[in-house]
Amino acid sequence: MLASNPSTVLEDAVDFRDPELRLRNLFDPNTLRLIAGPDGSGVVTARGQVDGVDTIAYCTDATTMGGAMGTLGCQHVVEAIDTAVVERAPVIGVWHSGGARLAEGVSALHAVGTVFAAMVRASGKVPQISVVLGPAAGGAAYGPALTDIVIMGPAGRVFVTGPEVVRSVTGENVDMARLGGPEPHGRRSGVVHVVTESEEAALGRARDLAVLLGRQGRLSVDDAVDGPNPAELLPEKANRAYDVRPVVAAILDEPGVDLHAKWAPNMVTTLGRLAGRTIGVLANNPLRMGGCLDSAAAEKAARFVRMCDAFGVPLVVLVDVPGYLPGVAQEWDGVVRRGAKLLHAFAESVVPRVTLVTRKAYGGAYIAMNARALGATAVYAWPTAETAVMGAVAAVNVLHRKKLAAAPAEEREALRAALVAKQEEEAGGVQRALELGVVDEMIDPAHTRRRLAQALASVPEVRGAHGNIPL
C-alpha cells in the first residue's frame with residue numbers, strides 16, 4: 001500500500017515484514033491485543049481471536065536485525081507459549097528469523113534453547129502451529145520443527161546452515177530456495193506440512209488449523225447426512241489406480257486440510273469435520289505406488305496418529321493397501337523401524353478410531369492400518385472388500401509355483417484360475433474376518449458417513465497423555 005503523495009512513498013510504504021501487521025492479518029479484525037510490542041527484541045507477541053477462538057501468537061520481527069533472536073525476544077516467546085498452555089489456547093508462531101543474535105553470543109544460544117524447552121513442555125497440551133514466511137535459519141529452524149504443524153509461504157526457507165556455509169564446507173552449489181524452500185521441504189524432507197502460494201494463504205491455513213484443533217465441536221449423528229455414494233468414486237476394475245482424495249472429501253462435511261500433500265503421497269492425512277466434529281482421516285492412496293505402505297508413508301501416518309491422539313481428535317482410517325513396498329531400498333531405508341512407528345502409534349492411541357476397508361487389505365499392512373488387533377473401535381468393510389495375507393493370485397504363484405511350472409503351457413492359466421478360486425475360498429477373506437470378529441460389519445457404501453459417525457459416537461471421547469515428538 002502506497003501513500004497518495006509520491007514524495008513520501010518511501011516513508012509511507014508499508015513494510016510487509018512488519019510483525020504487528022502480520023499478526024493483524026492473522027487475527028480476526030479488531031481483536032489484536034499486544035502482549036509484548038515492538039521493543040527491539042526481535043519478537044512481538046499478542047493475543048487475539050481466530051474465527052472466535054482465543055489464540056496466542058508470536059512473530060519474529062524481520063525489520064529488526066533480520067528477526068535474529070536474543071535473550072529478551074526469546075523470553076517473550078517463552079512467556080507466550082506458557083500463557084497458551086495455562087489458557088488452553090492454540091499458539092501460532094510466525095517465523096522470519098536469521099537465528100540467534102551473534103552479538104549476544106552464548107546467552108542468545110541459551111535463550112533459544114529455553115524456547116525449545118517451552119515448546120516441548122507445551123507439546124500435546126495445546127496445538128502449536130508455525131507459519132514460515134521468510135528464512136528460519138540456524139537455531140530458528142528448529143523452532144518450527146518442534147511444533148505440531150508447519151506451514152510455509154512462497155518466501156519461506158528453513159535450513160540449519162545457509163548456502164554459503166554449505167558451499168564452503170562441502171563444495172555443493174545451492175541457493176536458499178533449493179536448500180530449504182517449499183519444494184525440498186514440502187516434497188522431499190517432510191519438514192513442512194502445508195505449502196501455500198502466498199503469505200496471505202499461509203496465514204489463512206494457520207487460521208483454519210487453529211479452529212479445527214482449538215474448537216473441535218461435538219459430533220451429531222443426525223448431521224451425518226449421507227451424500228453421494230463414495231464407492232462410486234472407485235474405478236470399476238479392482239486393479240485400477242485412483243486418487244483417494246475425492247473419497248476423503250465425500251466423507252467429510254466440507255474439504256479439510258491435507259497435511260504433507262506431496263510428501264509420501266501414497267498416504268493421505270487430512271484434518272476435517274464429520275457431523276460437525278473435527279476428525280483426522282488417514283487413507284491409502286492407490287494413485288501413488290498402488291497405495292503400498294513404505295517407510296516414509298508409515299512415518300507420516302504415525303506422526304499424524306500421535307498428533308490426533310494427543311489432542312483428542314478421533315480417527316477414520318480408509319484402507320486400500322496391497323502390502324508394504326518391497327525392495328532393497330526400502331529395507332535399507334528403515335521400513336522395519338519406521339513401519340514399527342505406525343504400529344506403536346495406533347496401539348498406543350486411545351481416541352475413537354474406526355477403520356473402513358474399501359477395496360483390499362493385505363499382509364502386514366492390514367495390521368498396520370488400524371486393525372482390530374491394535375485396538376480399533378470398529379472395523380467395517382464395503383461388500384467388495386478383500387482381506388488376506390496377500391492377494392489370491394500372488395498367493396497361488398508362491399504356494400503352487402512348482403505345480404504351475406509342471407503343468408502343460410496350454411493348461412497353465414486354467415489351472416491357475418482354479419487354484420485362485422480355491423485360495424479365495426480357503427483363505428476366507430472378509431467373510432472369515434466377520435466370523436472371527438476382526439471385521440465388525442459389512443456396510444452399505446451409501447451409508448458410510450452415518451455408520452462412521454455412529455461408531456465414533458458410540459465410545460467416550462478421550463485424549464492421549466503424551467507429547468507430539470517429531471517422529
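Is C59 buried or exposed? In this predicted model, C59 counts as buried because its relative accessibility is 0%. C292 is also a buried cysteine, with a relative accessible area of 12%. Both values fall under the 20% cut-off for burial.

The structure contains zero disulfides. A disulfide would need the two sulfur atoms within 2.5 Å.

Aromatic contacts were examined next. A pair of aromatic rings is described by the distance of the centres and the angle of the planes. Two aromatic pairs were found in a search of the whole structure. One of them joins Y58 and W95, whose ring centres are 5.8 Å apart. Their planes stand at 90 degrees, so the pair is edge-to-face. Distant parts of the chain are linked here. Y58 sits in strand β3 (residues 53-60), W95 sits in strand β4 (residues 91-97), and 37 residues separate them. Y58 and W95 are both buried.

F116 and Y142 also pair, with ring centres 6.5 Å apart. The angle between their planes is 75 degrees, so this pair is edge-to-face. An angle over 60 degrees is what that label requires. This pair, too, links distant parts of the chain. F116 belongs to helix α4 (residues 106-122) and Y142 to helix α5 (residues 139-145), 26 residues apart. F116 counts as partly exposed because its relative accessibility is 21%. Y142 is partly exposed as well, with a relative accessible area of 45%.

Technical notes:
Residues numbered from 1 in each chain as written. Predicted model: local features only at pLDDT ≥ 70, side-chain atom pairs only at ≥ 80, totals over all residues. Heavy atoms only, no water. Phe/Tyr/Trp six-rings, centres within 6.5 Å; stacked < 30°, edge-to-face > 60°. Helix = DSSP H or I, 4+ residues; strand = E, 2+ residues; numbered from the N terminus. Buried < 20%, exposed > 50% of the residue type's maximum accessible area, 1.4 Å probe, protein only.
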